[in-house]
Amino acid sequence: MSDALSLQAIKLILEAMSSKPGDGLLASFMFGKPGAPDWDKRMGTEVYFDPSKLMRVASLVRQKGPPHLRHLAASDISNMLQDFVIENFWYLADDVFLSRNQGPYSEQVRPQTVLTLVSVLTNSKIFQPESHLTLFPLVTVKVHANFQAYSYFLISSNSLTEGFLPSSVDEHYIVPDQFPPIRDWEGVKNKPSCWLGVHSPVVQTATKTKSAILGAIALTPLPQYRHMFSGRKMFGGYCSITDRATTTFEDVHTPPLMHNIEITKEDHKWLEILATKLVANDKVTRRQIKALEYFYRAWGQEPSQRFPTLCMTLDAIFGDAGGATQSVIDGVRNVLGPHIRHERLSLLMKLRGSVIHGGAPDVYESRKYAKYFDTYEADPIHDLELVVAKCLRQVMFADALKEHADPNAELIAEAKTKGMIPKETRKPSILEDKA
């Protein structure tokens, strides 16, 4: 991170600080040399922080600082900056500690002190954060061939202690196939099918990365199985490992799928492509990653709730700043081919427009929903998902990510042979209905 941003931030921070009562929120603290233990901080002081000015600094740092800061609220960054000042007040003490000037610190601090703080901020954990591991236990994903990249890994549960943990972790205290994976854990214990491990500076970044990865994994089942759910027992949460282990129990990470998603060696190619895209910082790739996050969000939703989320997924891939319908139509046909019937796609996009622009708070309330169903004898929600999934696979992974085989293929073939189910009765989907 450049010193220019640090210099701008330090100057603004000093403008937000003063010793005058009433000029902000009071912070009373003990201080000593940076890095000193609490017992060795023997001098006390009081500082007033102007919260509105500090929030402006936080907003600047959030926008122009390292990418992980964009995943934090401005208030969180404001607290980090305040903690930075308190930890490094030693450098300011000679200039302001005994000063009678109650104006902002920017009027009191010497240029050399400013430069010292700039250097400290540039090299601080705010701008140079340490990466740590966050483990997400998955229930419906089964890994047959472990995958590891720079930013994440996807492994079978019993493989956790086979070189995937930080070197600082004593593996004696780890139970690899248990969540939480802590040997002396005395609370509720669950058995994950596999681990998704994400290396990131903050848990918020790890959570967003998890969403993008699982959004890509959700592209692998055939459409009829993506939302086929069971009553199996599910659990969620994560375990974040730094110099200690922090565990939470939160919402599940995938819906309760009827059939596990099987990750094999064949999936490693697209997992590697995804790993590259996750660390890219160009605008196009960032929009693609956001599209995966939207697709993940839609995975467990009811169909009527899923429709607007899928619309946002499509906009993230193709939409311009105004979300123009024509730009989405052009983008879809460019990716899927001109054989996609224009009239059918156009009606689907008009239904999209009525939902996301306030014409119908629920997709079922739109007259275009009934018109689409009557015209093409197909559910527009299902058709939209077909379009979104195919576009995501093509735009992000080309031919690398292929839908997995039907887990019931043999049973279905046998039932058709015996005449227990029709051989073929459905109408062509939007992807098959040639113009």
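Which residues in H13 meet which residues in H14? That was my way into this one, a predicted model. I found Tyr369, Tyr372 and Phe373 on the H13 side, and they meet Pro380, Ile381 and Asp383 in H14. Sorting that contact by class, I got five nonpolar residues, no polar ones and one charged.

**Geometry of that pair**

I looked up the axes next. H13 covers residues 367-376 and H14 covers residues 380-397. Their axes are 10 Å apart, and the packing angle is about 80°.

**Whole chain**

Then I stepped back for the overall numbers. I have 435 residues in the chain, and 48% of them count as buried. The secondary structure comes to 15 helices and 11 strands. Along the principal axes, the C-alpha atoms fill a box of roughly 90 × 55 × 35 Å.

**H9 and H10**

How do the axes of H9 and H10 cross? I have H9 at residues 283-299 and H10 at residues 303-318, with axes that come within 8 Å and cross at roughly 170°. That angle is over 145, so I put H9 down as roughly antiparallel to H10.

H9 brings Arg287, Ala291, Tyr294, Phe295, Arg297 and Ala298. On the H10 side I listed Arg306, Thr309, Leu310, Met312, Thr313, Asp315, Ala316 and Ile317. By class, this contact of H9 with H10 holds eight nonpolar, two polar and four charged residues.

**Arg226**

Is Arg226 buried or exposed? My entry says buried, because its relative accessibility is 1% and the cut-off is under 20%. I located Arg226 in helix H7, which spans residues 223-226.

I then asked what Arg226 touches, leaving out residues up to four places away in sequence. My list has Ala218, Leu219, Pro221, Leu257, Phe295, Trp299, Glu385, Ala389, Arg393 and Glu403. Two of the entries there are glutamates, Glu385 and Glu403. Phe295 had already turned up in my notes, as one of the H9 residues that meet H10.

Methods
Residues numbered from 1 in each chain as written. Predicted model: local features only at pLDDT ≥ 70, side-chain atom pairs only at ≥ 80, totals over all residues. Heavy atoms only, no water. Axes fitted to C-alpha atoms, helices over the stretch in contact; angles between N-to-C directions. Helix = DSSP H or I, 4+ residues; strand = E, 2+ residues; numbered from the N terminus. Parallel < 35°, antiparallel > 145°, perpendicular 65-115°, else oblique. Contact = heavy atoms within 4.5 Å. Nonpolar A, V, L, I, M, F, W, Y, C, P; charged D, E, K, R; others polar. Buried < 20%, exposed > 50% of the residue type's maximum accessible area, 1.4 Å probe, protein only.
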